[in-house]
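This briefing goes through selected features of one protein model. Please keep the sequence and the structure in view while reading.

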Amino acid sequence: MSDSLLSQDEIDNLLNGGPNAGNSSIEAMSSLTAADNIKPYDPNTQRRVIRERLHSLEIINERFARQFRIGLFNILRRGPDVTVGNIKIQPYHEFARNLPVMTNLNLMNMHPLRGTALFVFSPNLVFMAVDNLFGGDGRFPTKADGREFTPTEQRIIQRMLAMAQEAYDYAWRSIYKIKTEYVRSELQVKFTNITSSPDDIVVTTPFHVDIGSHSGELQICMPFSIIEPLRELLTNPPLENSQQENNQWRSSLATQVRDTELELVVKFAEISTRLSRIMSLKPQDIIPLDKPEDVGGFVNDVPVMSGKYGFANNQYAIRVESLMDSTLSAFKKE
């Protein structure tokens, strides 16, 4: 009968009332919590935490929105409203997952930056442009049923894309000069390999276009690796007086360089001899030299001038005949 009864220690362990049981349960919970917080790390994926705000990119997007609105007005002859959405920094697979069906994807190179960006026209934007261009008022909306774009729709897309390229190049001009180049167009996102991995980080900006009661969207998606060399330039917007400060700094630097004192050395002649002969020289010995026709002037062993050797006012002198560009001479020597 005593074998079927629980001991007091066993009862305490079951009820978590014992001190040892409490410690063991706490240790078990802490170990479980620590294990839950452990996440696998794959060095092949690009998981970056970008905390800086891209101020200059926001300025670029605002300028592009203004230019894109003007360009759409010139094409459609109707005044659209173009608003800039918030910049999203997310993995590429999340951006691709939220794209609607039958989306026009345009791959663009951004010279001199290395990489490919995406200019994405939503089907609603394409159908709205076609309807307005041919005099429609949007009463009969076109549905995106998974078909391909017609030749007429593709021509209108190319017109809007060319206008968007010109506007985007203009928007970047004050920050960093780029030149967008059209590569190709796709309808399925699986054929747009702008990143090496679906987990790579991309920077996406949506632009909402409204004409009357209808709306569409243009998205510009760039891998973060493209703009990473310009990270400092994009996080710190340029100052309005930066050009004036640069000119003042250059003028001050040029003035100080002109006032710098240098030692000019004129090499009269050079001879080759042996060390044994030098060691055997005695006072009053004579070393014969050939008087050269031209001599050169050097500053820190860099040739700066050439001329004739002679006398002036009972002093040795050199008459300068030509100045040398040290940069070109260094390249020629290499």
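The model is predicted, and residues are numbered from 1 along each chain.

**Aromatic pairs**

- Rings count as paired when their centres lie within 6.5 Å, and by this rule there are seven aromatic pairs.
- One of them joins Phe64 and Tyr168, with 5.4 Å centre to centre and 90° between the planes. Because planes over 60 degrees apart count as edge-to-face, the pair of Phe64 and Tyr168 is classed as edge-to-face.
- Phe64 belongs to helix H3 (residues 55–76) and Tyr168 to helix H6 (residues 151–172), so this pair ties together parts that are 104 residues apart in sequence.
- Are the two residues of this pair, Phe64 and Tyr168, buried or exposed? Phe64 has 0% relative accessibility and therefore counts as buried. Tyr168, at 1% relative accessibility, also counts as buried, the cut-off being under 20%.
- Tyr168 also forms an aromatic pair with Trp172 that is edge-to-face, at 6.3 Å centre to centre and 65° between the planes.
- Tyr168 and Trp172 are four residues apart in helix H6, so about one helical turn separates them. Both Tyr168 and Trp172 are buried.
- Ring pairs link a cluster made up of Phe64, Phe68, Phe119, Tyr168, Trp172 and Phe207.

**Packing of H5 and H6**

- Helix H5 (residues 123–133) packs with H6 at an angle of about 100°, and the axes of the two helices are 10 Å apart.
- Angles of 65 to 115 degrees count as roughly perpendicular, and H5 and H6 are therefore roughly perpendicular to each other.
- On the H5 side, the contact is made by Val126, Phe127, Ala129, Val130 and Leu133. On the H6 side, Glu153, Ile156, Ile157, Arg159 and Met160 take part.
- Of the residues in the contact of H5 with H6, eight are nonpolar, two are charged and none is polar.

**Glu263**

- Where is Glu263 found? Glu263 is in the loop between helix H9 (242–258) and strand S8 (265–267).
- Glu263 has 62% relative accessibility and so counts as exposed, a class that requires over 50%.
- Leaving aside residues up to four places away in sequence, Glu263 touches Phe298 and Val299.
- Glu263 and Phe298 are 35 residues apart along the chain, and 8.4 Å separates their C-alpha atoms.

Definitions and conventions
This is a predicted model: local features need pLDDT of at least 70, side-chain atom pairs count only at pLDDT 80 or more; totals for chains, interfaces and linings use all residues. Side-chain values use heavy atoms; hydrogens and water are left out. Rings of Phe, Tyr and Trp (its six-membered ring) pair if their centres lie within 6.5 Å; planes under 30 degrees apart count as stacked, over 60 as edge-to-face and the rest as tilted. Buried means under 20% relative accessible area, exposed over 50%, partly exposed in between (1.4 Å probe, protein chains only). Axes are lines fitted to C-alpha atoms, for helices over the stretch in contact, and angles run from 0 to 180 degrees between N-to-C directions. Angles under 35 degrees count as roughly parallel, over 145 as roughly antiparallel, 65 to 115 as roughly perpendicular and the rest as oblique. Contact means heavy atoms within 4.5 Å. Ala, Val, Leu, Ile, Met, Phe, Trp, Tyr, Cys and Pro count as nonpolar, Asp, Glu, Lys and Arg as charged, and the others, Gly among them, as polar.
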